[in-house]
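User: Could you take a close look at one part of this model for me, the place where the metal and its neighbouring ligand sit? I'd like to follow it step by step.

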Amino acid sequence: EAGKQSSEPLRIVLLGKTGSGKSSSGNTILGQKKFKAENNPKSVTKHCQKENGEVDGRPVVVVDTPGLFDNSLSHEEINEEMLKCVSLLAPGPHVFLLVLKTERITPEQKEALKLIKEGFGKNSEKFTIILFTRGDSLEHEGQSIHDYIAKSDDSFKKLIDDCGKRFHVFDNYNKQNRKQVTELITKINDMVKRNGGSCFTNKMLQEAEAAIQKKTETILKEKEEEINREMEDLKRQHEEEMQEMKKKMEEQKTEIEQERKQRDKELKKGFADDLISSCWCCSLINIINVVPGSTLQVTNHLLLTSSATSNKNKRLKKIYFTCEKRNRLCKDNM
Ligand SMILES: Nc1nc2c(ncn2[C@@H]2O[C@H](COP(=O)(O)OP(=O)(O)OP(=O)(O)O)[C@@H](O)[C@H]2O)c(=O)[nH]1
Ligand SMILES: [Mg+2]
């Protein structure tokens with residue numbers, strides 16, 4: 001089995017935050033500058049890139065990736081790149097190198113493994129080795145990587161434990177140091193052996209994707225139910241408001257109707273008052289209408305003439321003139 005393992009190329013994926021030193025580490029492994037690496041505040045590597053080489057006579061294939069977990073890429077882009085980087089190394093990578101800078105430990109560094117597990121599935125931690133870069137800075141400070149880890153907090157130690165305590169340190173500025181590469185390959189080989197010679201397969205990725213899909217669907221379903229509930233609430237609220245409005249309108253209508261009736265009543269009453277007080281003659285005319293030939297008190301009627309004509313009420317004026325006409329008629333008859 002070991003023979004078979006050494007004859008097939010060792011397939012490596014470099015993962016990590018942008019600027020952590022993935023491309024530089026890829027170049028160190030291959031012993032050639034195949035990947036673009038530079039000090040840039042923005043991410044340098046934009047897409048997965050596959051390069052071949054040899055380490056100690058063993059064929060090696062390295063896939064460099066963009067900062068997949070930096071929030072700079074959309075969910076679809078990350079999925080696409082993850083699928084691509086696993087597919088590029090068909091039947092699958094032997095190792096995920098989680099590249100971390102030896103600097104003050106950031107929350108993102110602690111989150112890195114979680115993100116890999118989320119992206120590639122729980123199984124992926126069996127295939128992960130932490131690769132610290134900037135070994136030169138540690139050396140400059142006279143620190144070993146073990147000192148650095150010993151000083152770190154518990155959550156960072158847990159990250160290393162979760163990766164089966166597998167880690168390695170690179171000084172990417174020391175091109176002559178091939179020992180660091182040989183040691184890394186030995187650590188990868190040990191891990192592969194412990195994994196029964198297997199690699200991380202597309203099937204595992206598909207399982208991880210199915211788990212993500214299921215989670216997404218559950219979230220979507222919950223969201224949909226929430227939206228439906230909100231819609232129902234809104235509909236109910238709207239109906240209640242409409243009912244309330246309808247009720248108010250009915251009340252207003254009744255009120256207006258009552259006011260109108262009241263006004264009519266008052267108008268009629270007022271009019272009748274006017275009629276009686278300022279033109280009682282009209283009543284007499286009415287009597288004449290009902291009982292033709294009744295006696296008329298013409299003098300009284302004439303006395304009212306001035307008050308009726310000065311009244312601005314048109315109806316009253318009309319009645320007055322009718323009165324006068326009839327009055328004359330009655331006079332003639334007398
Ligand atoms: N001192 C020191 N600097 C390093 C080391 N490794 C990488 N760097 C520097 O770190 C910077 C970023 O390195 P890259 O290899 O481009 O990082 P990356 O992870 O590929 O970055 P992206 O492609 O943007 O995701 C460069 O300026 C490198 O020279 C190292 O071991 N020591
Ligand atoms: Mg890069």
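Analyst: Let's start with Thr45, which counts as buried because its relative accessibility is 14%, and the cut-off for buried is under 20%. Keep in mind that this is a predicted model. Ser23 is buried too, with a relative accessible area of 8%.

So what do these two residues do here? Ser23 (through OG) and Thr45 (through OG1) coordinate the magnesium ion, ligand 2, at 2.0 to 2.1 Å. The pair ties together distant parts of the chain, as the two are 22 residues apart. Ser23 belongs to helix H2 (residues 22–30), while Thr45 lies in the loop between H2 and strand E2 (49–55).

Now bring in ligand 1. Thr45 turns up again here, as one of the closest of the 21 residues that surround ligand 1.

Next, check the backbone. For Asn172, a polar backbone atom is 2.9 Å from an oxygen atom of ligand 1. How much of ligand 1 does the protein bury? Taken alone, ligand 1 exposes 650 Å², and the protein buries 94% of that.

Note on methods:
Residues are numbered from 1 along each chain as its sequence is written. Chains are lettered from A and ligands numbered from 1 in the order in which they are written. This is a predicted model: local features need pLDDT of at least 70, side-chain atom pairs count only at pLDDT 80 or more; totals for chains, interfaces and linings use all residues. Side-chain values use heavy atoms; hydrogens and water are left out. Donors are N, O and S atoms within 2.8 Å of the metal (3.2 Å for Na, K and Ca); water is not among the atoms, so sites may look incomplete. Helices (H or I, at least four residues) and strands (E, at least two) are DSSP runs, numbered from the N terminus. Buried means under 20% relative accessible area, exposed over 50%, partly exposed in between (1.4 Å probe, protein chains only). A residue is near a molecule or strand if one of its heavy atoms lies within 4 Å of it. A polar contact is a pair of N or O atoms within 3.5 Å; within protein, one must be able to donate a hydrogen and the other to accept it, and residues adjacent in sequence count only if both atoms are side-chain atoms. Accessible areas come from the Shrake-Rupley method with a 1.4 Å probe; for residues, only the protein chains shown count as cover.
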